[in-house]
Amino acid sequence: MVNKPGVIAKVLGEFAQAKINIIAITMMDSVEHGVMRVVFDAPEKARSVLQKLNLPFNETGVLCVTLTNESGALASVAEKLAINHISISYAYCTAGAKGEELQGF
């Protein structure tokens, strides 16, 4: 997305209007553009919104894991993934999402 005021608000407003819940989100930006990575509860509807807005996007599978709130919980998962030669490309923080395999954009 173009990195200027109001762009994220417009995109998020379109998701809200379409009644698409955001399960997890992460943002990164540079001077010229921003990248928003989102996990939706309705990826088909989200895809339609992004197409309507003419925004470029990619889709990828996302593993959502429910962790206990204790030291080492995330490290334990990362170790298990490493043992199985699975790389962690992105990390999303969420509050209260249930662990399951989801679709991310």
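First, the conventions. Residues are numbered from 1 along each chain as its sequence is written. The model is predicted, with local features needing pLDDT of at least 70, side-chain atom pairs counted only at pLDDT 80 or more, and totals for chains, interfaces and linings using all residues; side-chain values use heavy atoms, with hydrogens and water left out.

Confidence next. pLDDT is the predictor's confidence in each residue, from 0 to 100. The chain averages 86, and 89% of its residues reach 70 or more. Where pLDDT is low, the predicted coordinates should not be read in detail.

Now the layout. There are three helices and four strands, taken as DSSP runs numbered from the N terminus (helices are H or I, at least four residues; strands are E, at least two). Along the sequence the pattern is α-β-β-α-β-α-β.

Strands β1 (residues 22-29) and β2 (residues 34-40) run antiparallel and are joined by seven bridges; pairing requires at least two bridges found by DSSP. The two strands form a hairpin with four residues between them. Methionine 28 stands opposite valine 35 in β2.

On burial, 25% of the 105 residues are buried, where buried means under 20% relative accessible area, exposed over 50% and partly exposed in between, with a 1.4 Å probe and protein chains only. Lysine 4, in the segment before α1 (7-17), counts as exposed because its relative accessible area is 53%. Its C-alpha atom is separated by 9.3 Å from that of valine 31, 27 residues apart along the chain.

The largest nonpolar core has 10 residues, including Phe15, Met36, Val38 and Leu50. Such a core is a set of buried Ala, Val, Leu, Ile, Met, Phe, Trp, Tyr and Cys residues joined through side-chain atoms within 4.5 Å.

Last, the second largest pocket. A pocket is an open set of points on a 1 Å grid over the protein atoms alone, where a 1.4 Å probe fits, with protein on both sides within 12 Å along at least five of seven lines; lining residues have an atom within 4 Å of a point. This pocket has a volume of about 410 Å³, the volume being the space filled by probe spheres set on the points. Its lining has 20 residues, with Val35, Met36, Pro56, Phe57 and Asn58 nearest the centre. Strand β2 gives the largest share, six residues.
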